[in-house]
Amino acid sequence: TAAGSSSASMLAVLQATLGSAAASLAARRRRAGRGSAWVNILAAAEEPGYPRDSRAAALVVVLDTVRPDPVAHPEREEQRLQVRAEPMHVRLDQDVLAYLRGFGAELLSPPLS
């Protein structure tokens with residue numbers, strides 16, 4: 001459907017944007033001599049007494065397109081977003097906050113035609 005293809009294209013754009021964002025931040029931190037960016041920023045929380053399966057996904061995002069009333073209104077669709085995350089430790093410094101601020105502004109700015 002058209003909504004399904006627009007959801008897929010929106011997801012592709014978001015993946016490409018996040019991929020380039022991660023590469024940019026990693027390069028910036030390497031130039032500053034800080035090593036790998038994401039290992040320093042986001043890590044799985046180790047809880048004593050709560051073992052975690054090493055094969056379990058740290059983050060699961062599910063986007064479903066459904067028709068709430070396919071008989072009465074077959075043209076109506078809605079998207080349902082479900083996000084599950086394992087416990088995480090997040091460490092933010094001034095470089096990361098500045099980058100996220102700029103990334104958010106770029107992501108929310110209207111596209112150029």
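The following dialogue examines a predicted model through questions and answers.

Tutor: Two conventions apply: in this predicted model, local features need pLDDT of at least 70, side-chain atom pairs count only at pLDDT 80 or more, and totals for chains, interfaces and linings use all residues. Residues are numbered from 1 along each chain as its sequence is written, and side-chain values use heavy atoms, with hydrogens and water left out.

Student: What percentage of the 113 residues in the protein is buried?

Tutor: Buried means under 20% relative accessible area, exposed over 50%, and partly exposed in between, with a 1.4 Å probe and protein chains only. Among the 113 residues of the protein, the buried share is 12%.

Student: Which residues does V62 contact, leaving aside its neighbours within four places in sequence?

Tutor: V62 is placed in strand 2, residues 59-66, and is partly exposed because its relative accessible area is 26%. V62 and R80 are 18 residues apart in sequence, yet their C-alpha atoms are 7.9 Å apart in space. With contact meaning heavy atoms within 4.5 Å, and with those neighbours left aside, the partners of V62 are R80, L81 and Q82.

Student: How many salt bridges does a search of the whole structure find?

Tutor: Side chains of opposite charge can pair when their charged atoms come close. A salt bridge is a side-chain nitrogen of Lys or Arg within 4 Å of a carboxyl oxygen of Asp or Glu. R80 forms one with E78, where the closest N and O atoms are 3.3 Å apart. Over the whole structure, the number of salt bridges found is 2.

Student: Which residue forms a salt bridge with R67?

Tutor: The closest N and O atoms of this pair are 3.2 Å apart, and the partner of R67 is E77. Both residues lie in the loop between strand 2 and strand 3 (78-85), so the pair ties together parts that are 10 residues apart in sequence.

Student: What is the angle between the planes of Y99 and F103?

Tutor: Rings of Phe, Tyr and Trp (its six-membered ring) pair if their centres lie within 6.5 Å; planes under 30 degrees apart count as stacked, over 60 as edge-to-face and the rest as tilted. By this rule there is 1 aromatic pair. Y99 and F103 are both buried and lie in helix 3 (residues 94-108), 4 residues apart, about one turn of the helix. They form a stacked pair, with centres 6.2 Å apart and an angle between the planes of 15°.

Student: Why does V90 count as exposed?

Tutor: V90 is placed in strand 4. V90 counts as exposed because its relative accessible area is 53%.

Methods
Helices (H or I, at least four residues) and strands (E, at least two) are DSSP runs, numbered from the N terminus.
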